[in-house]
Amino acid sequence: MNQEQNDILILGTGYFAEVILMDLAVATRAPIKIVIGGRNEARLKWLALACNSRAAQHGNPVRFHSSYVDMASEQSMADALGNWDPGVVVQSASLQSPWSLDGKGSEWAKLMEEAGFGLAVAFQSILPMRTSAALDAVGSKAAFVNTAYPDVVNQILAARGQRITCGVGNVAIFSSILAGALAPADAERLRVIAHHHALVQWRYPVDERVGDPVRAWIGDDEIPNVKERFSHIQLPHRELNLISGGSAVPVLLSLAGVGDSRGHVPGPHGLPGGYPVWVTKGDVRLDLPTTISKDEAVSWNRSFEAVDGVSVSEDGHVDYSERARVAVARYSQEIAKGFHVRDLVAAQGALAELRAKLGG
């Protein structure tokens, strides 16, 4: 295949990728190319067909293509990157779906519920690690967006010295919901800081939520009593993709060069948690209120890592929370110790063995 210049390559064909793609088809007014990569060729062909049909329905010049990519192979990903030469690469697949355990009574599902989602961080990190490595292998300058638990996974990539631009979703779910409840003039100036942990808490009834809510500003003025003011909001689980996936669209388009925009992303350049940002072609930069410093914002997001189940230290060690350590130590003292980011592959292998043993 002759090398072609394409604007966005989205790796993965699951539900989250589908929402992003369908919204891109409706929202993209520019004549860009979007490639969908994955192993399920029938699914790939359908998504490309559906997206091109939706784009045509709305008179949009964006066009979608499909490409076989085996994400278990860095070489397969490198081949796709070399063939298509995207300006933005999105990794939307993971080895542990956040809702795959819903309603299941396996020992693994019970362990995940007890330990917290952070226990699965090695599963979430493997595909982004391979994608980032493939980008470097072919000398690509593409912006790299990871959608798998980016509040923490992006820290792991950065600690490994690997490229990461940002994530999508998570904090943007809150900024979208709050913006939708504000007057349009205020919504345009909204800035939100939030950690992944808040998603879990906002799924509970308000009187069962623990910890601080998200922090939000209109311009440089912080909104007081966020928890009380928005207490009527209770989030679903899987259906959140309808907001989360949609929030990715303006970020991806701006990264592809279709106009600058303000937005909210998790894990920008490997930071913990999520922040307001300016998005330009190929990059993001923080857009914090003047009333809070970067260090203060980072510290506030880090304060949630223990309750979310996992944190990444400055020396690159991944530590599970006390709750997670106690829960997993019943099955493996070694896994409970955590791991260094350089040992990510081994950590994922050990966790996979435990998941198989427990019926995950």
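Q: Which residues lie nearest the centre of the second largest pocket, and how many residues line that pocket?
A: Ser175, Ser176, Arg262, Gly263 and His264 lie nearest the centre, and the lining has 16 residues. A pocket is an open set of points on a 1 Å grid over the protein atoms alone, where a 1.4 Å probe fits, with protein on both sides within 12 Å along at least five of seven lines; a lining residue has an atom within 4 Å of a point. This is a predicted model, in which local features need pLDDT of at least 70 and side-chain atom pairs pLDDT 80 or more, while totals for chains, interfaces and linings use all residues. Residues are numbered from 1 along each chain as its sequence is written, and side-chain values use heavy atoms, without hydrogens and water.

Q: What supplies the lining of the second largest pocket?
A: Helix H7 (171-181), helix H11 (241-255) and strand S9 (261-266) each give at least two residues. H11 has the largest share, 5 residues. By class, the lining holds 7 nonpolar, 7 polar and 2 charged residues. The space in this pocket is about 300 Å³.

Q: Why is strand S4 called largely enclosed?
A: Buried means under 20% relative accessible area, exposed over 50%, and partly exposed in between (1.4 Å probe, protein chains only). In S4 (residues 86-91), 5 of the 6 residues are buried, so the strand is largely enclosed by the rest of the structure.

Q: How do you know that S4 and S5 pair?
A: Pairing requires at least two bridges found by DSSP. S4 and strand S5 (residues 143-146) are joined by 4 bridges and run parallel, so they count as a pair. Valine 89 has phenylalanine 144 of S5 as its bridge partner.

Q: What makes glutamate 114 and arginine 330 a salt bridge?
A: The term needs a side-chain nitrogen of Lys or Arg within 4 Å of a carboxyl oxygen of Asp or Glu. Here the N to O distance is 2.9 Å. Glutamate 114 is in helix H4 (residues 107-115) and arginine 330 in the loop between helix H14 (322-329) and helix H15 (333-336), so the pair ties together parts 216 residues apart in sequence.

Q: What joins Arg191, Asp220, Arg262 and Asp287?
A: Aspartate 186 and arginine 189 meet in a salt bridge at 3.6 Å, N to O. Separately, salt bridges that share partners join Arg191, Asp220, Arg262 and Asp287 into one network. The whole structure has 11 salt bridges.

Notes:
Grid points are joined across faces, edges and corners, and a volume is the space filled by probe spheres set on the points. Ala, Val, Leu, Ile, Met, Phe, Trp, Tyr, Cys and Pro count as nonpolar, Asp, Glu, Lys and Arg as charged, and the others, Gly among them, as polar.
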